[in-house]
Amino acid sequence: MSTTSRLLKPDTSAVPAGAPPERRSPTGKAGARVRHVALPFGSLLLFLAAWQLLAASGTWSETLVPPPAKVWDAFVAVSTTHDGVRGYNGTTLVEHLGISLRRIAIGAGLGIALGVLSGLLMGTVGRLRSLFEPWITFLRTLPPLAYFSLLVIWLGINEEPKITLLAVAAFPPVAVSTTTAVTAVPASLIEAARALGASRWGVVRDVVVPSALPETLTGVRLAVGVAYSSLVAAELVNGLPGIGGMVKDAANYNNTPVVLVGIIAIGVSGLIIDGLLLRLERAVVPWRGRA
């Protein structure tokens, strides 16, 4: 009797193989969230401390390396009306940034739309890929300043050359990533769709596009980053108002604090937009990275 009860009694001394792992406690999840926020914040404090020490060391003059306090004062000055002067050149920092973001939205939006369309065509039609891929690679290797002067000659000094430059800069990353993603779609999926009676357009819509979407969205994120890196170049000529034009104009007068304010504004807004694109990617393709 006792032997039978011992045999029937479960052994709790060891966890059986294949048992599900223990769930993480709410305290552990809260600690992970705290670390996720604390680590970037700590690195920011460390950077500011190193910056302050470097500025206070006297190795370089304050014109070259202003202390964080002076940059903060410049931020307040260009963001408000101070001593009768509104912002920088009569425009506040938010307005400068908003005008530049509008240019990026229009220019990069056009480049991304053309890139996706070109990638789908080149990925599905081999002859088009052989015809246009070398030209896209050639365009991708050109720095923006190499052709911006030509755009100014052709299109003038208003908005057209700026938007065109951003569109040309954003086009190649999306076209290349979409083409690569389309050509990497498993042939078995395409053959299965055709066997079920799908038309050519149906195969593209229901098989090719969903399969290529994750890499295409990665290309979109890269294109937005390239457009941001081309922003100052796009606003070299008649760029005021605009955050890139503000940076260039301040650099002409050795106004380093305002230059740093503009650079930080571009970087922070770029981080925010990239985070929003990453959230969009996770919402549109939630299966990415999962087996």
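At 53% relative accessibility, L145 counts as exposed, a term used for residues with over 50% relative accessible area, whereas buried means under 20% and partly exposed covers the range in between (1.4 Å probe, protein chains only). The structure is a predicted model, in which local features need pLDDT of at least 70 and side-chain atom pairs count only at pLDDT 80 or more, while totals for chains, interfaces and linings use all residues. Residues are numbered from 1 along each chain as its sequence is written, and side-chain values use heavy atoms, with hydrogens and water left out.

L145 belongs to helix α6, which spans residues 144-155. Helices (H or I, at least four residues) and strands (E, at least two) are DSSP runs, numbered from the N terminus. Although L145 is exposed, this residue touches A233 and L236 when residues up to four places away in sequence are not counted. A contact here means heavy atoms within 4.5 Å. The C-alpha atoms of L145 and A233 are separated by 6.3 Å, and the two residues are 88 residues apart along the chain.

The protein as a whole contains twelve helices and two strands. Along the sequence, these elements follow the pattern α-α-α-β-β-α-α-α-α-α-α-α-α-α. Of the 291 residues in the protein, 32% are buried. Among contacts with a separation of 6 or more, 69% are accounted for by residues 24 or more positions apart. The accessible surface of the protein comes to about 18,200 Å², and 67% of this surface belongs to carbon and sulfur atoms. Accessible areas come from the Shrake-Rupley method with a 1.4 Å probe; for residues, only the protein chains shown count as cover.

A buried position is illustrated by S177, which has a relative accessible area of 15%. S177 is found in helix α7. Apart from its neighbours within four places in sequence, S177 is in contact with E215, T216 and G219.

Attention was next given to charged side chains. Side chains of opposite charge can pair when their charged atoms come close. A salt bridge is defined as a side-chain nitrogen of Lys or Arg within 4 Å of a carboxyl oxygen of Asp or Glu. By this rule, the count comes to nine salt bridges. One of them joins K70 and E62, with the closest N and O atoms 2.7 Å apart. K70 is partly exposed at 41% relative accessibility, and E62 is likewise partly exposed, with a relative accessible area of 41%.

E159 takes part in salt bridges with R102 and with R103. In the pair formed by E159 and R102, the closest N and O atoms are 3.7 Å apart. E159 lies in helix α7 (residues 159-183) and R102 in helix α4, so this pair ties together parts that are 57 residues apart in sequence. The side chains of E159 and R103 meet at 2.9 Å, N to O. R103 also lies in helix α4, so its pairing with E159 in helix α7 ties together parts that are 56 residues apart in sequence. E159 is partly exposed at 25% relative accessibility, and R102 is partly exposed with a relative accessible area of 41%, whereas R103 counts as buried at 3%. R102, R103, E159 and E235 are linked in a network of salt bridges.

The backbone was also examined. Most residues other than glycine have a negative phi, and most peptide bonds are trans. N89, which is not a glycine, has a positive phi of about 60 degrees. This residue lies in the loop between β2 (85-86) and α4 (93-124). N89 is exposed, with a relative accessible area of 55%. A positive phi, near 55 degrees, also occurs at N254, a residue other than glycine. N254 is placed in the loop between α11 and α12 (256-284). With a relative accessible area of 56%, N254 is exposed.

A cis peptide bond joins L240 and P241, with omega about 0 degrees. P241 lies in the loop between α10 (231-234) and α11 (243-252).
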